[in-house]
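The sequence and structure are displayed below.

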Amino acid sequence: MNFQFITDTIAALATPPGVGALGIIRISGPDALSIADAVFRGRTRLAEAPGYTVHFGAIVSEDSGVLDEVLATVFRNPRSFTGEDSVEFSAHGSPFVLSQILQLLLAKGARLAEAGEFSQRAFLNGKMDLAQTEAVADLIHAESAIQQRAALHQMRGGFSTELNDLREQLIRLTALLELELDFSDEDVEFADRTALQQLITDLFRKGQSLTESFRLGNVIKNGVRVAIIGKPNAGKSTLLNALLQEDRAIVSEEAGTTRDVIEETLTIGGVLFRLIDTAGIREHTTDRIEQMGIEKSRTNAQKADIILLLQDPSDPDPDMDWLAPFASKLIPVLSKADQESTLSPSGTALALSAKTGQGLDALRSLLVQKATGGRLQEGTVVTNVRHQQALVRMLEHLQVVQEGLESGLSGDLLTVDIRQALYWLGTITGKVEIDRDVLGAIFSAFCIGK
Ligand SMILES: Nc1nc2c(ncn2[C@@H]2O[C@H](COP(=O)(O)OP(=O)(O)OP(=O)(O)O)[C@@H](O)[C@H]2O)c(=O)[nH]1
Ligand SMILES: [Mg+2]
């Protein structure tokens, strides 16, 4: 790719806004070293320093004198994150001081970087493909161990390798079909059609397993919504508090204590859960606010990935027929296991006591199991909606090819769809020309300074 249009040098704060021990300002572009030298006074000129070296010095402004003492790290093109000459100033973490240094750099000719612009340059300069660059942003936002693992796998090229394999096989397929075309006058079938069929079936299966991993990917990325549902007084808020190990929700022996929805996040076994405590559901209430709370409970049950249905064993009538359509995401639980019960525990329900902690560990493993389907092994998980959509489009075209092969369609007609499949595959890693607006949209979701 030829991206000679990068002629300007960008700068931005790379650490979060606010007071910290240190703050880092990044500068990247063809003039990074000279612009840095214009504000930096140290023993060596940065423009003469080798890459991967660190230099102590002061940041000096003509108007206000010394602004701070800093360490400057020098990176030389192409051995930097962006692939360009870059400097990182580690300054003291005062927002005021950092903004003064940044202003000074802008006065010396740098431009304030837009969100994701460093990453965009890394992509445009061929340091990483698009999927890897997007994984950097995912890693920055990782909130749980499996988010971290999925992002790292993708950033280090695991996903891209699989996509490139798919791509190579598709290209091989096109080549075989085109060979056949060149000799079509002679009525030879160079491409062995059964072998082609096998190849396309394999490709299709591979693509499918990637798109199927998205269900888990979505869970990894957004967290698993768990709605705690049950009749008033079933012990929902007590269970929420026990899982969070803090007094988050009000608990009382009065039925109808929780009115509004309470949402808290919790990591179990590396998986991020969004626990949602809801108002107890009962059929007849004259209280308008409680009624509104009950409406919210039902909506949350529908939206949830998992419903924890809590039942007090002394209440023989769960009265939850409306949950029937959600049977597949239901975990039935009997609460207050520490109390004498009039009800013998039914076969499938998990008996627990939020008071004594009995059954809580079993519930935790059940939640992880239900959320991940037990598929937490290493390997590629598609976590990005953009990638998922591209894979789906690719599969649509592969399906046309598959049908075409079965009905004996000629090679030239088949290659049209193979090319389309290749195109969609290519958009994931950025191997094909991607609209600048689309690129802009992808990178604008990144942080400033990344
Ligand atoms: N013995 C015992 N009592 C419990 C347990 N869990 C909850 N309780 C009691 O049951 C009562 C109701 O608990 P809550 O957690 O407020 O019930 P809830 O389902 O949130 O009720 P609403 O918000 O009104 O729908 C309280 O008096 C709790 O102390 C338990 O595991 N064992
Ligand atoms: Mg409650």
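## Contacts of ligand 1

A polar contact is a pair of N or O atoms within 3.5 Å. In this predicted model, an oxygen atom of ligand 1 lies 2.7 Å from a polar backbone atom of Thr257. An N or O atom in the side chain of Ser237 is 2.8 Å from an oxygen atom of ligand 1. For Thr258, the distance between an N or O atom of its side chain and an oxygen atom of the ligand is 2.8 Å. On its own, ligand 1 has 650 Å² of accessible area, and the protein covers 92% of this.

The shell around ligand 1 is made up of 22 residues, with Lys236, Thr238, Gly256, Thr257 and Asp338 the closest. By class, the residues of this shell comprise 11 polar, 6 charged and 5 nonpolar.

## The magnesium ion

Which protein atoms are the donors of the magnesium ion (ligand 2)? They are OG of Ser237 and OG1 of Thr258, lying 2.0 Å from the ion. Ser237 belongs to helix α8 (residues 236-244), whereas Thr258 is in the loop between α8 and β9 (262-268), so the pair ties together parts that are 21 residues apart in sequence.

## The chain as a whole

The chain contains 13 helices and 13 strands. Its radius of gyration is 29 Å, well over the 22 Å that the globule rule gives for 450 residues, so the chain is more spread out than a compact globule. Along the principal axes, the C-alpha atoms fill a box of roughly 85 × 80 × 35 Å. Of the 450 residues, 48% count as buried.

## Cys447

Towards the end of the description comes Cys447, which is located in the segment after α13 (436-444). Cys447 has a relative accessible area of 28% and is partly exposed. From C-alpha to C-alpha, Cys447 is 24 Å from Lys108 in space, and the two are 339 residues apart in sequence.

Technical notes:
Residues numbered from 1 in each chain as written. Chains lettered and ligands numbered in written order. Predicted model: local features only at pLDDT ≥ 70, side-chain atom pairs only at ≥ 80, totals over all residues. Heavy atoms only, no water. Near = heavy atom within 4 Å. Polar contact = N/O pair within 3.5 Å; in protein donor to acceptor, adjacent residues only side chain to side chain. Areas by Shrake-Rupley, 256 points an atom, 1.4 Å probe, with all protein chains shown as cover. Nonpolar A, V, L, I, M, F, W, Y, C, P; charged D, E, K, R; others polar. Donors = N, O, S within 2.8 Å, 3.2 Å for Na, K, Ca; no water. Helix = DSSP H or I, 4+ residues; strand = E, 2+ residues; numbered from the N terminus. Rg over C-alpha atoms; globule rule 2.2 N^0.38 Å. Buried < 20%, exposed > 50% of the residue type's maximum accessible area, 1.4 Å probe, protein only.
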